[in-house]
Amino acid sequence: MTLSKSLEKKIGKKVKRCQLLIEKDAGVQFCDEPTEFIVICNAGLSTGLQQEALLTEALQHGPIRHVRFPPGKSYSFLQCASTNSAQVVFTALNGICTLGQDGAVLLLAFCNALPPCQDDPWSHIPPNGLIVERDFIDETMEKILLEAVIFDDSEESNEQTNRTLKHRKVKHFGYEFIYGTNNVDKTKPLERKIPSVCNELWHRLQLLHPELHWHIPDQLTVNRYEPGQGIPPHVDTHSAFDDPILSLSLGSDIVMEFKQPSSGKQVCVDLPSRSLLIMAGESRYDWTHGITPRKMDTIPSPNGDLTVRKRKLRVSLTFRKLLQNDSCGCGFPRLCDTALQSAEKQTNLLESHAAQVEAQNVHRVYNEIAKHFSDTRHSPWPKVESFVRSLSDGAVLLDVGCGNGKYLASSGRAVLLGCDRSEGLLQVCVDRGFNVLQCDCLALPFRDESVDACISIAVIHHLATDQRRKQAISEMVRVLRPGGKALIYVWAKNQEANAKKSSYLRQNKQNNKPSTEDEPSKDSSQIVHTEKVIAGVADCTLPVHTNRTQFQHQDLLVPWKLRTNDSMEKTTFLRYYHVFEEHELEKLCLADGEDRVELKDSYYDQGNWCVVLEKKSP
């Protein structure tokens with residue numbers, strides 16, 4: 001089909017209306033001459049366009065290298081194999097293909113490049129512990145297994161072991177897998193046991209992977225997926241099932257998505273028919289897995305381009321071994337129900353004993369290590385120093401938690417005051433001639449609206465409850481004059497924001513070793529097994545962090561090692577920290593209402609979350 005001149009002109013006008021918005025929003029430049037890059041100006045994720053549907057149309061006219069769907073946008077992009085092939089695709093689809101919203105024709109244009117985007121989920125290394133054994137069984141065994149687990153809606157209907165869920169049909173053996181909790185009721189075993197024909201699978205698996213910690217499973221869930229059906233991302237409950245979990249794919253090939261919530265990483269894994277998926281270790285405990293409901297999958301082709309593959313009927317057999325003690329000791333706390341319950345318990349204890357924890361694991365420790373701590377804290381952080389130097393002549397700055405006073409010499413124009421709880425650190429300030437006083441940051445001994453600016457650098461994360469952290473911020477806002485600003489820094493749980501290791505992690509030489517193709521770099525978010533010790537009161541135990549590694553918990557104890565009494569032996573002191581998630585500090589600052597303060601800036605600086613807030617006029 002060839003467009004008429006008048007229709008070409010009409011489409012061109014519509015494209016021009018989209019051009020300025022897309023160029024500004026996506027950072028690309030439209031081109032009058034053909035290139036290998038095509039913009040679909042009026043269809044994307046927000047209009048309901050599916051990648052598979054676009055590829056199905058485009059691949060009929062030429063090879064496609066990349067497809068890009070910016071999140072939440074009404075436009076998308078194609079990269080063709082060459083300028084010539086792009087011209088063919090353009091001519092075939094522009095103003096003709098009806099994949100736009102409500103059947104509208106697609107409006108196409110050429111651009112100079114693809115916009116930057118999130119990582120390609122096909123380019124990532126699979127999670128640790130994830131194994132795909134292709135051709136684990138042959139076609140004969142596949143047929144035998146399908147007959148053994150065949151769906152019969154008439155049998156045992158009273159036991160509800162055959163169920164039709166929203167996304168698929170399900171059948172259980174041994175115990176019913178309860179969706180919603182991703183668990184089982186161990187008090188209600190089923191009469192229907194795992195078919196004996198499956199015993200051959202365990203022998204074959206043990207020969208292939210003798211290193212696996214493995215028991216013969218006692219629970220089997222069979223899922224029947226029609227094309228277009230899937231299963232939401234989930235992790236099987238840690239305390240319910242042993243490691244590993246196995247999934248055997250029968251019938252159709254399928255793409256399964258793995259996501260690591262803590263890092264945001266996403267990996268696509270192709271599961272061919274008759275393959276066995278083994279989820280062990282990190283892949284079983286620290287990543288969710290799921291199948292997007294659709295009728296086609298986008299997969300890499302052998303020549304490096306993209307192609308689509310239609311789904312067919314698929315039956316999956318997922319084998320699990322129940323844990324008998326209802327407790328998980330996996331060392332992967334982020335998605336672990338046992339660890340989360342323990343953390344909730346410790347949070348409640350911290351609420352009751354916050355003052356004792358802070359007295360024992362903050363105030364006492366800093367008095368003991370004051371001189372050594374001061375000797376290691378001599379270089380001001382540039383952005384904090386810039387904030388202090390920006391103050392006008394005669395302005396009054398209060399440094400809340402001033403430590404050794406390293407920012408109290410940052411300006412010769414302003415009046416700089418410091419306060420801290422630690423007698424040892426205050427003595428360092430006095431020796432340096434700074435104006436300081438001793439107080440608690442929860443009750444500043446200053447009049448309302450008496451200072452022009454505040455800084456609080458690496459202080460609030462030592463307070464043991466959310467309410468106490470709010471109170472510390474509220475006190476700074478109270479003493480600020482209207483229009484006055486406060487700069488607050490707290491330690492971030494994520495020490496690799498923007499895919500860059502913080503200086504804290506880089507002090508660990510292991511984190512700085514270059515990777516090779518055969519040996520990928522170690523992820524500094526790898527799980528570090530931690531001990532727990534008493535903090536403040538007998539019932540309150542907190543994990544001890546391993547220095548120079550990624551944080552695994554929010555409330556924890558961080559070691560400080562110090563030689564004492566001229567001895568070669570070191571004494572370890574444990575400091576309490578609450579490390580912050582992204583946006584957590586911002587929410588604390590606005591907890592008393594946006595009518596009191598305005599957030600002027602929020603940023604990440606070398607492993608810290610930071611905000612600048614301004615007090616509003618009444």
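Me: How many aromatic pairs does the count come to?

Reply: This is a predicted model, in which local features need pLDDT of at least 70 and side-chain atom pairs count only at pLDDT 80 or more, while totals for chains, interfaces and linings use all residues. Residues are numbered from 1 along each chain as its sequence is written, and side-chain values use heavy atoms, with hydrogens and water left out. Rings of Phe, Tyr and Trp (its six-membered ring) pair if their centres lie within 6.5 Å; planes under 30 degrees apart count as stacked, over 60 as edge-to-face and the rest as tilted. By this rule the number of aromatic pairs is 15.

Me: Why does the pair of Phe177 and Phe241 count as stacked?

Reply: A pair of aromatic rings is described by the distance of the centres and the angle of the planes. For Phe177 and Phe241 the ring centres are 5.8 Å apart. The pair is stacked because the planes stand at 25°.

Me: How many residues apart in sequence are the parts that Phe177 and Phe241 tie together?

Reply: Helices (H or I, at least four residues) and strands (E, at least two) are DSSP runs, numbered from the N terminus. Phe177 belongs to strand S9 (residues 177-178), whereas Phe241 sits in the loop between strand S12 (231-234) and strand S13 (245-251). The pair therefore ties together parts whose separation in residues is 64.

Me: Is Phe241 buried or exposed?

Reply: Buried means under 20% relative accessible area, exposed over 50%, and partly exposed in between (1.4 Å probe, protein chains only). With a relative accessible area of 0%, Phe241 is buried.

Me: Which cluster of residues do ring pairs link?

Reply: Tyr504 and Phe551 form a stacked aromatic pair, with 5.9 Å centre to centre and 10° between the planes. This pair links distant parts of the chain, 47 residues apart, with Tyr504 in helix H11 (residues 503-506) and Phe551 in the loop between strand S27 (537-543) and strand S28 (555-563). Tyr504 and Phe551 are both buried. Ring pairs link into a cluster Trp491, Tyr504, Phe551 and Tyr577.

Me: How many salt bridges does a search of the whole structure find?

Reply: Side chains of opposite charge can pair when their charged atoms come close. A salt bridge is taken as a side-chain nitrogen of Lys or Arg within 4 Å of a carboxyl oxygen of Asp or Glu. Over the whole structure, the number of salt bridges found is 26.

Me: Which residues are linked with Arg311 in a network of salt bridges?

Reply: Arg311 meets Asp297 in a salt bridge (2.8 Å, N to O). The two are 14 residues apart, with Arg311 in the loop between strand S19 (306-310) and strand S20 (314-320) and Asp297 in strand S18 (residues 296-300). Arg311 and Asp297 are both buried. The residues linked with Arg311 in a network of salt bridges are Glu52, Glu257, Arg294 and Asp297.

Me: With which residue does Asp452 form a salt bridge?

Reply: Asp452 lies in strand S24 (residues 451-457) and its partner in strand S25 (residues 480-491), so the pair ties together parts that are 29 residues apart in sequence. Asp452 is partly exposed at 26% relative accessibility. The closest N and O atoms are 2.8 Å apart, and the partner is Arg481.

Me: In which helix do Asp466 and Lys470 lie?

Reply: The side chains of Asp466 and Lys470 form a salt bridge (3.6 Å, N to O). Asp466 is partly exposed, with a relative accessible area of 30%, and Lys470 is partly exposed, with 27%. The two residues are four residues apart, about one turn of the helix, and that helix is H10 (residues 466-479).

Me: What is the omega of the peptide bond from Asp243 to Pro244?

Reply: Most residues other than glycine have a negative phi, and most peptide bonds are trans. Pro244 lies in the loop between S12 and S13. The bond from Asp243 to Pro244 is cis, with omega near 10°.

Me: What is the phi of Gln606?

Reply: Gln606 is placed in the loop between strand S30 (597-604) and strand S31 (608-615). At 35% relative accessibility, Gln606 counts as partly exposed. Gln606 is a residue other than glycine, yet its phi is positive, near 50°.
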